[in-house]
Amino acid sequence: MSTETERKLGSLLKTTQESGSSSSSTSAVHDQQDRTATLGLKRPDSASKLPDSLEKEKFSAAHKERQEKLKATESVKALQAFREKLPAFRMKEGFLKSVSENQVLVVSGETGCGKTTQLPQFILEEEISSLRGADCNIICTQPRRISAISVASRISAERGEPIGESVGYQIRLESKRSDQTRLLFCTTGVLLRRLIEDPNLTNVSHLLVDEIHERGMNEDFLLIILRDLLPRRPDLRLILMSATINADMFSTYFGNAPTMHIPGFTFPVAELFLEDVLEKSRYSIKSSDSGNYQGNSRGRRRDSESKKDDLTTLFEEIDINVHYKSYSSATRLSLEAWSGAQIDVDLVEATLEHICRHEGDGAILVFLTGWDEISKLLEKINGNRLLGDSSKFLILPLHGSMPTVNQREIFDRPPPNKRKIVLATNIAESSITIDDVVYVVDCGKAKETSYDALNKVACLLPSWISKASAHQRRGRAGRVQAGVCYRLYPKVIYDSFPQYQLPEIIRTPLQELCLHIKSLQVGSIGSFLAKALQPPDALAVENAIELLKTIGALDDIEDLTPLGRHLCTLPVDPNIGKMLLIGAIFQCVNPALTIAAALAYRSPFVLPLNRKEEADDAKRYFAGDSCSDHIALLKAYEGYRDAKRGGNEKDFCWQNFLSPVTLRMMEDMRNQFLDLLSDIGFVDKSRPSAYNQYSQDMEMVSAVLCAGLYPNVVQCKRRGKRTAFYTKELGKVDIHPGSVNARVNLFSLPYLVYSEKVKTTSVYIRDSTNISDYALLMFGGNLIPSKTGEGIEMLGGYLHFSASKNVLELIQRLRGEVDKLLNKK
Ligand code: CDP
Ligand code: MG
């Protein structure tokens with residue numbers, strides 16, 4: 001092995017030297033202005049362009065005149081009437097008064113009451129009518145890209161303007177705005193990046209931070225920065241918007257800022273807990289006894305057969321009564337005792353049957369925890385006598401990674417005489433609104449990510465939702481008429497739900513956030529995060545800092561290294577950023593761009609209904625004999641690019657279970673990454689053949705993956721009778737069943753590098769790639785020369801390796817070279 005390794009290492013050294021010379025000739029273009037331009041963050045209104053008072057008047061007058069004209073058009077009139085019916089409309093005067101009198105205002109109000117579309121618009125209208133229109137610069141942040149676009153276009157329509165005039169949006173890689181734009185919707189991430197260049201938010205007059213109740217990490221992070229910024233910008237107005245009435249916490253955080261509540265809007269929704277559902281079903285037995293089934297001959301026939309499929313009987317059959325008795329008799333029963341239990345799909349099926357037999361028309365929305373349950377329930381429904389009748393029911397799953405074709409039907413009204421039943425995860429809770437829902441079936445659980453700081457692993461497990469989520473789910477049933485919410489858990493369980501879900505900042509790994517904090521130059525990471533609304537666990541912060549040190553982004557005193565500074569310019573997880581830089585150094589940029597885009601955004605592989613096996617086969621086909629999920633992604637993307645050149649990318653995606661939307665997004669992200677790599681002097685964009693010299697060499701690609709994703713490496717080991725992968729912190733880990741490596745003989749996978757490990761029912765490594773021993777030697781951890789034994793042994797994060805002095809020296813030299821290149825200024 002030694003000579004072979006030596007040969008390969010020698011050729012690697014040559015590559016690093018070539019790479020060093022080629023990129024030094026391009027020299028770093030680390031100009032702040034250019035970086036801002038790449039991120040699309042150029043300020044629209046530089047101070048020099050501020051209009052004088054005459055022009056301000058002209059601006060406002062022109063706006064007013066246009067608005068008067070537009071108000072006459074039918075569509076704007078109709079929308080204006082709609083606006084005036086929204087609960088927010090009644091609060092307009094009070095809201096504007098509060099904004100003018102206070103620096104910070106916290107507004108709460110139920111989803112749909114008009115916070116997002118109306119409040120920023122009120123400010124805009126007020127500014128224009130008071131002749132300050134030309135000066136104002138209102139920004140409203142949204143946690144999701146999709147809402148930034150849809151809200152901006154909705155408001156433009158309400159104003160009768162094309163999008164991008166006075167109202168625009170900006171999200172990563174996409175914007176619609178102009179010199180006229182005075183109200184800009186952007187993602188919270190875009191604003192955070194702007195803060196690196198413009199820490200005082202110069203020229204911003206009003207900032208609205210939306211959906212703060214969700215307690216997303218970016219929003220919590222932004223609030224820390226803003227609280228520090230407000231004293232420096234006394235003229236800046238900050239408005240925080242929340243869908244739940246937990247305004248007090250935010251008000252306290254901002255020195256008892258005033259709060260304002262917009263009273264409700266939805267139709268009443270009856271709430272049934274498991275015990276009520278049971279009561280209701282007893283009632284149905286009585287009514288069925290008297291032959292009073294709602295509906296048709298089917299019901300009556302059933303009546304004479306037996307009552308076997310009546311709801312209560314079903315409950316008994318599936319043991320739910322036993323469950324029920326145990327929960328009601330033991331009020332002290334701890335939540336944990338139940339949190340592991342799977343959702344009972346039989347119970348959901350029985351409830352659906354009950355609604356369809358006994359309740360009036362209207363769509364049903366079922367909240368489940370994930371794909372497994374959705375497909376189990378689908379299978380049940382297909383075999384169900386009543387619900388399986390596709391002439392009467394339109395059953396639609398709704399899940400984050402589904403093909404979008406299936407998703408569109410969700411919003412449409414079903415054909416007449418058909419009942420729509422949507423089986424959804426908690427994405428239907430607030431981000432997606434289905435208007436015609438009348439019945440909600442809530443299983444009370446959601447898959448929640450959490451971070452186990454002790455074992456350094458992200459967990460994704462079903463757990464009970466919060467009272468706030470339960471309330472939100474119920475509200476989904478009352479948008480068009482009065483509705484009913486069936487909660488498939490007893491009231492005692494509901495009573496023990498936490499009021500709110502834990503904020504994301506204490507549920508996620510923090511390395512990207514910590515790197516961002518360093519780039520803002522706001523002091524030490526620890527003391528900055530201690531100022532958060534709910535500060536993250538000290539151990540989680542420590543882990544993040546340790547990881548950043550391991551990958552070389554921070555030095556011993558927690559200062560950014562030149563590598564760390566490069567990583568700050570790449571808007572991705574630091575490991576993925578490092579993989580991009582290594583890809584540039586080893587001249588296989590295209591594969592690095594593709595894999596980074598997929599890891600940073602999402603996998604282009606979709607979960608089609610009932611065809612999971614075929615989809616898995618397609619993925620394996622792309623992987624070929626590489627034993628790599630990452631190479632499968634890469635080959636799928638390359639196939640898509642070829643198909644696109646031939647004009648048949650649609651068919652290609654359809655046949656291979658790929659999402660064209662994700663692939664297009666990946667294309668854009670690749671371009672952005674390439675621009676950024678060029679800005680920081682890692683690639684010379686004019687020489688693609690140079691930076692792609694080794695792009696076809698999959699062994700090189702897997703070495704780049706190892707260098708980027710380290711310390712995420714595992715070795716296959718035999719312990720007793722068992723052969724498995726072991727990590728330093730967690731012991732045994734399994735390959736995720738969705739991986740192309742899931743069915744491969746473990747002996748042919750001596751070492752794997754992976755992008756993510758997740759604890760669900762067991763600890764799984766998600767996407768993985770088989771790597772060769774020379775890649776491991778180069779990038780897989782510190783070496784400890786061992787005198788005995790053969791090959792490499794990973795032990796406690798170190799590589800024990802027996803080799804000649806020459807080989808060891810060569811490896812150290814190579815590592816030094818790579819380090820130098822990563823840290824060039
Ligand atoms: O922010 P909040 O949830 O309070 O409400 P909003 O987003 O301002 O929406 C107010 C109303 O406008 C909703 O009830 C929707 O019916 C409507 N709307 C719409 O039709 N299309 C949009 N893209 C956004 C809102
Ligand atoms: Mg909103």
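# Exercises on a predicted 825-residue model

Of the protein's 825 residues, 42% count as buried, where buried means 20 or more other C-beta atoms within 10 Å of the residue's own, exposed means 12 or fewer, and partly exposed lies in between, with C-beta atoms placed from the backbone. The model is predicted, so local features need pLDDT of at least 70 and side-chain atom pairs count only at pLDDT 80 or more, while totals for chains, interfaces and linings use all residues. Residues are numbered from 1 along each chain as its sequence is written, and chains are lettered from A and ligands numbered from 1 in the order in which they are written.

**Exercise 1. Overall make-up**

Solution. Helices (H or I, at least four residues) and strands (E, at least two) are DSSP runs, numbered from the N terminus. Two residues are in contact if their C-beta atoms, placed from the backbone, lie within 7 Å.

**Exercise 2. An annotated segment**

Describe residues 96–263 from the record and from the model.

Solution. Step one: an unreviewed UniProt entry places the feature "domain: Helicase ATP-binding" at these residues, 96–263. UniProt positions are given in the numbering used here, feature names are shortened, and annotations may be inferred rather than shown by experiment. Step two: residues 96–263 are 39% helix and 23% strand. Step three: the end C-alpha atoms of this stretch are 17 Å apart.

**Exercise 3. The shell around ligand 1**

Work out which residues and helices surround ligand 1, and sort the shell by class.

Solution. Step one: the shell holds 13 residues, and the closest are G112, K115, T116, T117 and R154. A residue counts as near the molecule if its C-beta atom, placed from the backbone, lies within 6 Å of it. Step two: α7 (115–129) and α8 (145–159) each supply at least two residues of the shell. Of the elements involved, α7 gives the most, with four residues. Step three: by class the shell has three nonpolar, eight polar and two charged residues. Here Ala, Val, Leu, Ile, Met, Phe, Trp, Tyr, Cys and Pro count as nonpolar, Asp, Glu, Lys and Arg as charged, and the others, Gly among them, as polar.

**Exercise 4. A pair of helices**

Determine how α26 and α27 are oriented to each other and what their contact consists of.

Solution. Step one: the axes of α26 (residues 574–585) and α27 (residues 589–600) come within 8 Å and cross at roughly 170°. Axes are lines fitted to C-alpha atoms, for helices over the stretch in contact, and angles run from 0 to 180 degrees between N-to-C directions. Step two: angles under 35 degrees count as roughly parallel, over 145 as roughly antiparallel, 65 to 115 as roughly perpendicular and the rest as oblique. The two helices α26 and α27 are therefore roughly antiparallel. Step three: I576, M579, L580, G583 and A584 of α26 meet V589, P591, A592, A596, L599 and A600 of α27. This contact has 10 nonpolar, one polar and no charged residues.

**Exercise 5. Backbone details in loops**

Locate P711, Q521 and C627, and state the backbone feature of each.

Solution. Step one: P711 lies in the loop between α33 (698–709) and β17 (713–719), and the peptide bond from Y710 to P711 is cis, with omega near 10°. Step two: Q521 sits in the loop between α22 (511–519) and α23 (525–529). Its phi is near 50°, a positive value in a residue other than glycine. Q521 is exposed because 9 other C-beta atoms lie within 10 Å. Step three: C627, in the loop between α28 (612–623) and α29 (629–645), also is not a glycine and has a positive phi of about 50°. C627 has 20 C-beta neighbours inside 10 Å and therefore counts as buried.
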